[in-house]
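Colleague: I am new to this model. Please take me through it one question at a time.

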There are 2 protein chains.
Amino acid sequence: MSILVVGTVAIDSVKTPFGVREKVLGGSATYFSMAASFFNKVNLIAVVGKDFPGNYLKLFEEKKIGTDGLQIMDGKTFRWKGCYEYDLNTAHTIYTHLNVLQKFKPQIPKSLKNSEHIFLANIDPELQHDVLRQVTRPKLVACDSMNYWIEHKRKALEELLPKIDILLLNDAEVRQLTGETNLIKASRAIVRMGPKAVIIKKGEHGAIYFSRNSHFIAPAYLLESIYDPTGAGDTFAGGMVGFLSTVKKINETSLRKSIIYATIMASFTVEDFGVNRLLHVSKKNITARYEQYRRMTKF
Amino acid sequence: MSILVVGTVAIDSVKTPFGVREKVLGGSATYFSMAASFFNKVNLIAVVGKDFPGNYLKLFEEKKIGTDGLQIMDGKTFRWKGCYEYDLNTAHTIYTHLNVLQKFKPQIPKSLKNSEHIFLANIDPELQHDVLRQVTRPKLVACDSMNYWIEHKRKALEELLPKIDILLLNDAEVRQLTGETNLIKASRAIVRMGPKAVIIKKGEHGAIYFSRNSHFIAPAYLLESIYDPTGAGDTFAGGMVGFLSTVKKINETSLRKSIIYATIMASFTVEDFGVNRLLHVSKKNITARYEQYRRMTKF
């Protein structure tokens with residue numbers, strides 16, 4: 001029942017109105033696997049450079065995240081630098097240095113080819129195809145993408161959609177992919193493109209799940225302090241796939257629950273810079289916040 | 001158990017990306033009373049000019065809204081013209097002609113002085129004070145305001161707050177009133193200023209209820225077509241106070257339910273221009289949408 005994630009492991013520098021952090025551990029696969037590790041064994045498929053700090057590798061070990069599929073290549077690790085204004089919903093990229101990511105070819109170790117729960121984090125859709133070609137009959141494939149791939153690799157992305165179960169995008173990406181402003185119409189258009197369901201991530205305004213037969217709205221968890229929204233979307237996916245990997249049957253009930261766990265995990269991430277908050281969360285904290293969320297939304 | 005509302009009755013002109021309407025019935029008290037009339041008898045305290053169309057008066061009659069407190073003064077009715085861009089969350093005012101509203105002094109007819117449920121719609125807080133001086137022991141006082149009064153009549157508004165039960169504001173107004181960006185901190189600051197609770201209206205992103213002991217988040221009802229957001233906030237208040245006027249006891253449970261009814265009523269209003277949609281909604285439609293909302297949010 002283990003989880004496989006393919007995505008980026010990065011060295012991030014970030015500035016928000018609440019502080020600055022240089023060269024911290026980041027990347028979509030990092031946030032995802034940290035969040036999912038609270039629920040189940042996660043295996044990481046990614047690449048880093050020879051410069052990747054050993055103490056960051058240790059953080060994966062501490063969370064028992066499998067790194068057999070983590071390639072260490074000659075060269076520098078993928079680096080991203082970004083900043084946020086007071087509107088924490090929008091990241092402004094200062095630079096993206098792909099470095100070793102340019103040569104990345106995901107190789108799924110033999111022992112992981114029958115992984116049942118797969119998350120294709122935000123990378124080139126052609127690499128996402130590569131991953132699906134290497135695995136056998138997963139129970140769940142969830143997938144993220146971004147504006148860049150929608151614009152520059154639309155065909156590869158469209159060909160991927162019928163092969164996945166759940167597509168996760170933010171509201172702007174959903175509108176870009178479909179040309180529809182209204183989120184119901186846009187969601188319906190996406191489901192027609194192939195995936196069984198789409199989840200629209202709206203940051204501080206929550207998330208919407210939309211499938212052929214139903215839709216579900218989950219407001220975000222209300223927080224008093226938000227320091228750094230980096231990684232919130234990947235943490236969200238980690239909470240979702242993590243929880244779904246623990247249930248006997250993926251159905252409407254477990255999917256809805258998984259979106260609440262996703263929301264809760266994301267709420268932790270943004271309370272500190274980088275993965276700091278995730279390193280100090282306990283299962284007890286998660287359960288407590290889940291119960292508090294239930295109280296906050298019950299009527 | 002009847003409801004009293006003091007506010008504006010207006011003649012609105014509005015332009016949205018989906019059309020233009022000239023000189024339609026509008027005003028805070030209008031939207032409120034139309035929405036609340038589905039739940040209980042509503043009495044209107046407002047002023048119009050001699051130019052006010054008879055067929056608009058008839059609309060109030062049709063909804064059995066009491067107009068004994070509707071003054072008809074020499075002069076022209078209050079007029080507002082506004083437009084919305086594709087971001088329907090922000091209204092841009094083209095003009096506001098106060099006309100007879102400048103001379104308005106709310107007079108509560110004797111028979112209405114013991115009204116139990118009062119809504120002080122968005123008008124000068126000094127007039128809101130006037131109303132409270134004229135009524136005897138209401139069970140519930142809810143109150144709206146706006147950026148203009150927060151800036152220009154802050155003292156009168158602050159003196160009003162300890163006299164009301166629930167303050168309704170949008171997120172920008174909550175931040176302006178308190179100087180706090182974070183909505184939890186801002187809500188806490190407002191509750192310290194006097195009201196038992198505050199409701200933050202976030203338009204398409206739903207509403208947050210915050211009292212001394214609890215908070216409650218309600219996402220908006222998902223809609224496929226939004227034509228005109230004018231009056232959504234007042235309709236919201238009408239649904240809320242309307243429902244609360246029908247319950248034996250106003251407590252956490254009934255308050256939360258009232259916020260869902262508020263959300264539902266607002267969802268109808270924005271589906272057509274002006275009050276058009278509210279004129280054609282049935283109680284059955286309201287119940288059906290309430291049940292659909294429950295399905296949409298259950299987990």
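Colleague: Is D234(B) buried or exposed?

Modeller: This is a predicted model, in which local features need pLDDT of at least 70 and side-chain atom pairs count only at pLDDT 80 or more, while totals for chains, interfaces and linings use all residues. Residues are numbered from 1 along each chain as its sequence is written, and chains are lettered from A and ligands numbered from 1 in the order in which they are written. A residue is buried if 20 or more other C-beta atoms, placed from the backbone, lie within 10 Å of its own, exposed if 12 or fewer, and partly exposed in between. D234(B) has 31 other C-beta atoms within 10 Å, so D234(B) is buried.

Colleague: Which residues does D234(B) touch, leaving out those up to four places away in sequence?

Modeller: D234(B) sits in helix α8 (residues 232-244) of chain B; helices (H or I, at least four residues) and strands (E, at least two) are DSSP runs numbered from the N terminus. Contact requires C-beta atoms, placed from the backbone, to lie within 7 Å. By that rule D234(B) touches S28(B), Y31(B), F32(B) and A121(B).

Colleague: How far apart in space are D234(B) and V131(B)?

Modeller: The two residues are 103 apart in sequence. From C-alpha to C-alpha, D234(B) and V131(B) are separated by 18 Å.

Colleague: Is V20(A) buried or exposed?

Modeller: V20(A) belongs to strand β3 (residues 19-26) of chain A. The C-alpha atom of V20(A) is 24 Å from that of L222(A), 202 residues away along the chain. With 10 other C-beta atoms within 10 Å, V20(A) is exposed.

Colleague: Why does strand β4 (residues 42-49) of chain B count as largely enclosed, and how many of its residues are buried?

Modeller: The strand is largely enclosed by the rest of the structure because of its buried residues. In β4(B) their number, out of 8, is 7.

Colleague: Which helix does the chain pass through in crossing from β4(B) to β5(B)?

Modeller: Strands pair if DSSP finds at least two bridges between them. β4(B) pairs in the parallel sense with strand β1 (residues 3-6) of chain B over 4 bridges, where I3(B) stands opposite V42(B), and with strand β5 (residues 66-73) of chain B over 6 bridges, where N43(B) faces G66(B). The β-α-β crossover from β4(B) to β5(B) is right-handed, a term for a path from the first strand over the helix to the second that runs clockwise with the strands pointing away from the viewer. The helix on that path is α2 (residues 54-62) of chain B.

Colleague: How many bridges join β10(A) to strand β11 (residues 197-201) of chain A?

Modeller: Of the 5 residues in strand β10 (residues 166-170) of chain A, 4 are buried, so β10(A) is largely enclosed by the rest of the structure. It runs parallel to strand β9 (residues 140-144) of chain A, with 3 bridges, and A142(A) stands opposite I166(A). β11(A) also runs parallel to β10(A), and there N170(A) is opposite K201(A). The number of bridges between β10(A) and β11(A) is 5.

Colleague: Is R137(B) buried or exposed?

Modeller: R137(B) lies in the loop between α3 (125-134) and β9 (140-144) of chain B. Its phi is near 40°, a positive value in a residue other than glycine. With 7 C-beta neighbours inside 10 Å, R137(B) counts as exposed.

Colleague: What share of the 299 residues in chain A is buried?

Modeller: Chain A has 11 helices and 13 strands, and its C-alpha trace spans about 50 × 40 × 35 Å along the principal axes. The buried share of its 299 residues is 49%.

Colleague: What share of the contact residues of chain B recurs in chain A?

Modeller: The contact takes 20 residues from chain B and 20 residues from chain A. A rotation of 180° with 0.0 Å of shift along its axis superposes chain B on chain A at an RMSD of 0.0 Å, by least squares on the C-alpha atoms of residues with pLDDT of at least 70 in both. That is the relation of a two-fold axis. The same surface serves both copies, and the recurring share is 100%.

Notes. Two residues are in contact if their C-beta atoms, placed from the backbone, lie within 7 Å.
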